[in-house]
Amino acid sequence: MNRVYIKTYGCQMNERDSEAVASQLVARGYRIVDREDEADVVLLNTCSVRDQAEQKAIGKMGYLARRKRENPSLVIGFMGCMAQNRGAELLERLPDVDLIVGTQRFHHVPDYLDQLTAPRDAGIPVPSSIVDIDEEAGSQNTIREHLTDRKRVSAFVSIMQGCNMACTFCIVPKTRGRERARPIEEIVREVEGLAAGGTREVTLLGQIVTSYGRGEIPERDGKSPFVQLLERVNGIEGIERIRFTSPHPRGFNADLVRAFRELPKLCECVHLPLQSGSDRMLRLMNRPYSRSKYLEIVNDLRRSVPHMYFSTDIIVGFPGETDDDFRQTIELFDEVGYDMAYIFKYSKRSGTPAATMEDQVPSEVKEARNRELLECLSRHSQRRNQALLGTTQEILVEGPARKGNGYTGRTRGNRVAFFEADERLVGQLVPVRVERATVSSLYGSMELVGMEETAGIGMRGITN
Ligand code: SAH
Ligand code: F3S
């Protein structure tokens, strides 16, 4: 009764939460398995950002509930955002579900599973279902354990939870609560531990990382708490690359823009969620910037690092979005020339202000706008990748590629690359000359000259 399978939906924070739960379960004597049909316990870590993500998890749970009827000892549960958003209401539809645990109570999962899997004849009463979606002060500090079963070249580190913004389309403030930061020292200790175990790249995670520690940790020398944290992580021996997600455009003040030039480990790759290129839409979305302010940030960053890579999030078909508004998004999209973008069709989230706005956009229109923007994106990604042909890129070798017998890794700009290598190079920075480029990937061969430089981080700037 101790084999657990965890399926994760949604963003990297969810991946990270699942990993922390898995590691706490291992410490409690459970075994994490990669196959659902071998598990005694199946947990779905859910996402609420769009309806489709919720429906997928509900569909999956319906299937698990049918399996549970044949095998009543199977324990099934929801964790995370949808658990938080819907709570006990989920039991009305899926009464067989044993466990519902919200986003601030992940660390109680081992206790709950102990109760749910206790042998029926042990005299311990087995609860029918456990629902826990309480808020808990300090819960942001509980997402800190990592699984240590394999070498992890690149790792995610949760630095904060929650978001205090009120974008009118977004359910995240409801599912993740108010902003709560982990102390700098604790994050530094976690990253040092990862570095000692072989991690070379960390991605700092939070729903709005640029607001990290705001109001709790004082500014120092004009530097925000987030930039102070970046500086500390930059100083950790063994770490070669730092990334972060997700920031908010309004967090890109002079100190952060400068950090990209001054902190050699901070990769020149920025995720800058735009949502819409129309000022009218941005106002309705309650996004506190205009298109011109956004472009100013892009230009500041490009002045700081000319070959900066950009990715973004866009919502098409927000209530009231006209063709003209959408044209403005396309125009801005072309002007920035993103390397990568996540394009979403607006999805009504009940309880958010946008859900009751007038002029909801018909799904065919959302679909057409989505398609048009995806075509734009693929043109830009292709062009940006083609521009790397013939250049030498610094690649952090992550491991063998899933297909074929080559290896895979990423450039500082977060482009995936495939090349011949060997096991000893996993976790190292190597120069790869780009010979072929598709929309999503680069293919090349390792350069042997200059190999002696690869142990350091001195290769920044060879990209262009
Ligand atoms: N800063 C957050 C953003 C959360 S949601 C984070 O990364 O944790 C990620 C993206 O999903 C948003 O930037 C937005 O583009 C999209 N999104 C959020 N709510 C949405 C909705 N109701 N419909 C469609 N897309 C949405
Ligand atoms: Fe959501 Fe806006 Fe925060 S997109 S996570 S409310 S910045």
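Let's start with the shell around ligand 2. By class, this shell has seven nonpolar, one polar and one charged residues. On the classes: Ala, Val, Leu, Ile, Met, Phe, Trp, Tyr, Cys and Pro count as nonpolar, Asp, Glu, Lys and Arg as charged, and the others, Gly among them, as polar. The residues around ligand 2 are C163, M165, C167, F169, C170, V172, P173, H248 and R287. Around means that a heavy atom of the residue lies within 4 Å of the molecule.

A word on the source. This is a predicted model, where local features need pLDDT of at least 70 and side-chain atom pairs count only at pLDDT 80 or more, while totals for chains, interfaces and linings use all residues. Residues are numbered from 1 along each chain as its sequence is written, chains are lettered from A and ligands numbered from 1 in the order in which they are written, and side-chain values use heavy atoms, with hydrogens and water left out.

Now ligand 1. Its shell holds 15 residues, and the closest are F169, Q207, Q275, D313 and S347. F169 is also listed around ligand 2. By class, the ligand 1 shell has seven nonpolar, four polar and four charged residues.

Next, polar contacts, meaning pairs of N or O atoms within 3.5 Å; within protein, one must be able to donate a hydrogen and the other to accept it, and residues adjacent in sequence count only if both atoms are side-chain atoms. D313 places a polar side-chain atom 2.6 Å from an oxygen atom of ligand 1. F169 uses its backbone: an N or O atom there lies 3.0 Å from a nitrogen atom of the ligand. A polar backbone atom of S347 is 2.8 Å from a nitrogen atom of ligand 1. Taken alone, ligand 1 exposes 540 Å², and the protein buries 88% of that. Those areas come from the Shrake-Rupley method with a 1.4 Å probe; for residues, only the protein chains shown count as cover.

Which domains supply the shell around ligand 1? At least three residues come from each of domain 1 (3-132) and domain 2 (139-386). The assignment, automatic or from a database, also gives domain 3 (392-462). The C-alpha centres of domain 1 and domain 3 lie 38 Å apart.

Down to strands. Helices (H or I, at least four residues) and strands (E, at least two) are DSSP runs, numbered from the N terminus. β13 (309-316) and β14 (340-345) each supply at least two residues of the ligand 1 shell. Strands pair if DSSP finds at least two bridges between them. β13 and β14 run parallel, joined by six bridges. T312 has A341 in β14 as its bridge partner.

Their sheet is open, with three strands in the order β12-β13-β14 and parallel pairing. β12 (269-271) and β14 are the edges; each has a single partner strand, so one side of each is left without a neighbour in the sheet.

A second open sheet has six strands, ordered β2-β1-β3-β4-β5-β6, again with parallel pairing. Here β2 (31-32) and β6 (130-132) are at the edges with a single partner strand each, so one side of each lacks a neighbour in the sheet. β1 (residues 3-8) pairs with β2 over two bridges. V4 stands opposite I32 in β2.

Last, two backbone details. The peptide bond from T245 to S246 is cis, omega near -5 degrees. S246 lies in the loop between β11 (241-245) and α9 (254-262). D221 is not a glycine, yet its phi is positive, near 50 degrees. D221 sits in the loop between β10 (201-205) and α8 (225-234).
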